[in-house]
Amino acid sequence: MTKLVVGTDAVDSSDALAEYLAKVADPDDTVYVVNSLKGGDDTSGQDIRDGEAAIETVADALADRPVTVETHQFVRGNQPVEDLLDFADEVDADEFVVGIRKRTPVGKVVFGSTGQNLLLGADRPVRCVPLVE
């Protein structure tokens, strides 16, 4: 049994992640779908609804698969990579699955990259799914 922590931030990302997971998830796997929001003034009601839609997109796509799916939306004041790393420790996850977008070097500096930060900070494997822009 593999425990996969899937980080998503938008429905389009979730579509690609769900398509990938449908191909690789085994019947005894557990998929934890996670969306992380900063909270406070940095998070609007629309951000929360968008996050819920993102995690439900993965859950709905895997509903007819024989895998266990749990969804979690965190609004704890953390950066997304912090929430992903902490949650993986909580559930003793085996691997991460995240979408990766192509960005310019300046875009990475200005906006950061959760996928890149996860690759650098994770103590377990990270599966990267390319996202088409």
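# Reading the labels of a predicted model

Trainee: Where is Val-24 found?

Mentor: Val-24 is found in helix H1, which covers residues 11-24. Helices (H or I, at least four residues) and strands (E, at least two) are DSSP runs, numbered from the N terminus. This is a predicted model, in which local features need pLDDT of at least 70 and side-chain atom pairs count only at pLDDT 80 or more, while totals for chains, interfaces and linings use all residues. Residues are numbered from 1 along each chain as its sequence is written, and side-chain values use heavy atoms, with hydrogens and water left out.

Trainee: Why is Val-24 called partly exposed?

Mentor: Its relative accessibility is 28%. Buried means under 20% relative accessible area, exposed means over 50%, and partly exposed is in between (1.4 Å probe, protein chains only). The value for Val-24 falls in between, so the residue counts as partly exposed.

Trainee: What does Val-24 touch?

Mentor: Leaving out residues up to four places away in sequence, Val-24 touches Asp-29 and Arg-127. Contact means heavy atoms within 4.5 Å.

Trainee: What makes H1 and H2 roughly parallel?

Mentor: H1 and helix H2 (residues 45-61) pack at an angle of about 25°, with their axes 8 Å apart. Axes are lines fitted to C-alpha atoms, for helices over the stretch in contact, and angles run from 0 to 180 degrees between N-to-C directions. Angles under 35 degrees count as roughly parallel, over 145 as roughly antiparallel, 65 to 115 as roughly perpendicular and the rest as oblique. The angle of about 25° is under the limit of 35 degrees, and H1 and H2 are therefore roughly parallel to each other.

Trainee: Which residues of H1 and H2 meet?

Mentor: Val-11, Ser-14, Asp-15, Ala-18 and Leu-21 of H1 meet Ala-53, Ala-54, Ile-55, Thr-57, Val-58 and Ala-61 of H2. They divide into eight nonpolar, two polar and one charged. Here Ala, Val, Leu, Ile, Met, Phe, Trp, Tyr, Cys and Pro count as nonpolar, Asp, Glu, Lys and Arg as charged, and the others, Gly among them, as polar.

Trainee: Which residues make the contact of H3 with H5?

Mentor: H3 contributes Pro-80, Val-81, Leu-84 and Leu-85, and H5 contributes Thr-114, Asn-117, Leu-118 and Gly-121. Five of these residues are nonpolar, three are polar and none is charged.

Trainee: How many aromatic pairs does the structure hold?

Mentor: There are two aromatic pairs. One of them joins Tyr-32 and Phe-87, at 5.5 Å centre to centre and 75° between the planes. Rings of Phe, Tyr and Trp (its six-membered ring) pair if their centres lie within 6.5 Å; planes under 30 degrees apart count as stacked, over 60 as edge-to-face and the rest as tilted. At 75°, the pair of Tyr-32 and Phe-87 is edge-to-face.

Trainee: What does this pair tie together?

Mentor: Tyr-32 lies in strand E2 (residues 30-37) and Phe-87 in helix H3, so the pair ties together parts that are 55 residues apart in sequence.

Trainee: How do you know that Tyr-32 and Phe-87 are buried?

Mentor: Tyr-32 has 8% relative accessibility and Phe-87 has a relative accessible area of 4%. Both values are under 20%, so both residues count as buried.

Trainee: Why is the pair of Phe-74 and Phe-87 called tilted?

Mentor: The ring centres of Phe-74 and Phe-87 are 5.5 Å apart and the planes stand at 55°. Phe-74 is in strand E3 (residues 68-75), 13 residues apart from Phe-87 in helix H3. Ring pairs link Tyr-32, Phe-74 and Phe-87 into a cluster.

Trainee: Is Ala-93 buried or exposed?

Mentor: Ala-93, in the loop between H3 and strand E4 (95-100), has 5% relative accessibility and counts as buried. Asp-92 lies in that loop between H3 and E4, but its relative accessible area is 54%, so Asp-92 is exposed.

Trainee: What phi does Asp-92 have?

Mentor: Asp-92 has a positive phi of about 55° although it is not a glycine.
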